[in-house]
Amino acid sequence: MLPSNVRNANANLGFSLIELSLTVVVITALAAITIPNFIQMYERFQANSAFDQVRGAIKEAQLQAIRRSTTCTLTIDEANKKVTTTNSGCLINPVKLPSSTSITTNGSGKTVSFDFQGNTGILQTIVVSNNSKNYNKCLVISNGIGMIRWGNYTGDPNSTLDGNSCNSK
């Protein structure tokens, strides 16, 4: 026969139903709090990545226009979320934005043109947003000298874009 202290030690192995239920409730509550934050973080990452691609394409077209002493024109297709060019050599790879983002521009004809000096004739504002429109990155191309600045867009991306609403970091 086993001593009584050995039998009592075996009786305390494992977890009770109340302890397991409480653990599940705590884990569920933590998940409910953190999952929306992860979704927002992912949307912000997607918008930043898309913005970096658009900014890179614009800077590349400007540099290629100077390097090749020619005019480079980019077309911004808001509906299909693309930045492309018809000029050979102005853009190595066209930009296709993720479906979770959108692009808006106030430019005439939705094009950005750089002449052989890297200058552009029209002031343009381009905004890249996540689909919930709560995270907006902007890029402003000045007319004349083609200077590019970027930052966070504080205006409404669904209305007429204003370069003054693009706040640089």
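Guide: Helix α2 (residues 17–68) gives three residues to the lining of the largest cavity, the largest share. Helices here are DSSP runs of H or I, at least four residues, and strands are E runs of at least two, numbered from the N terminus. This is a predicted model: local features need pLDDT of at least 70, side-chain atom pairs count only at pLDDT 80 or more, and totals for chains, interfaces and linings use all residues. Residues are numbered from 1 along each chain as its sequence is written, and side-chain values use heavy atoms, without hydrogens or water.

Visitor: How many cavities of 30 Å³ or more does a search of the whole structure find?

Guide: The general idea comes before the count. Rolling a water-sized probe over the atoms shows where empty space is left. A cavity is a set of points on a 1 Å grid, over the protein atoms alone, where a 1.4 Å probe fits but cannot get out; lining residues have an atom within 4 Å of a point. The search of the whole structure finds one of 30 Å³ or more. The largest cavity holds about 40 Å³, a volume filled by probe spheres set on the points.

Visitor: Which residues line the largest cavity?

Guide: Q40, E43, R44, N130, N134 and Y135. By class, that lining has one nonpolar, three polar and two charged residues. Tyr counts as nonpolar, Glu and Arg as charged.

Visitor: Which residues make the nonpolar surface patch?

Guide: L22, V26 and L30 make a patch of about 290 Å². Its members must have over 30% relative accessible area and no salt bridge, with nonpolar side chains joined within 5 Å (like charges within 9 Å). L22 sits in helix α2. Its relative accessibility is 54%, so L22 counts as exposed. The bands are buried under 20%, exposed over 50%, partly exposed in between (1.4 Å probe, protein chains only).

Visitor: How many salt bridges does a search of the whole structure find?

Guide: Two. Each needs a side-chain nitrogen of Lys or Arg within 4 Å of a carboxyl oxygen of Asp or Glu. D52 and R55 pair at 3.7 Å, N to O. About one helical turn separates D52 and R55, because they are three residues apart in helix α2. D52 is partly exposed, at 42% relative accessibility.

Visitor: Where do E78 and K110 sit in the chain?

Guide: Their side chains meet in a salt bridge at 3.3 Å, N to O. That pair links distant parts of the chain, 32 residues apart. E78 is in the loop between β1 (72–77) and β2 (82–85), and K110 is in the loop between β4 (101–105) and β5 (111–114). E78 is partly exposed at 27% relative accessibility. K110 is partly exposed too, with a relative accessible area of 30%.

Note on methods. On a 1 Å grid over the protein atoms alone, a cavity is a set of points where a 1.4 Å probe fits but cannot get out, and a pocket is an open set with protein on both sides within 12 Å along at least five of seven lines; lining residues have an atom within 4 Å of a point. Accessible areas come from the Shrake-Rupley method with a 1.4 Å probe; for residues, only the protein chains shown count as cover.
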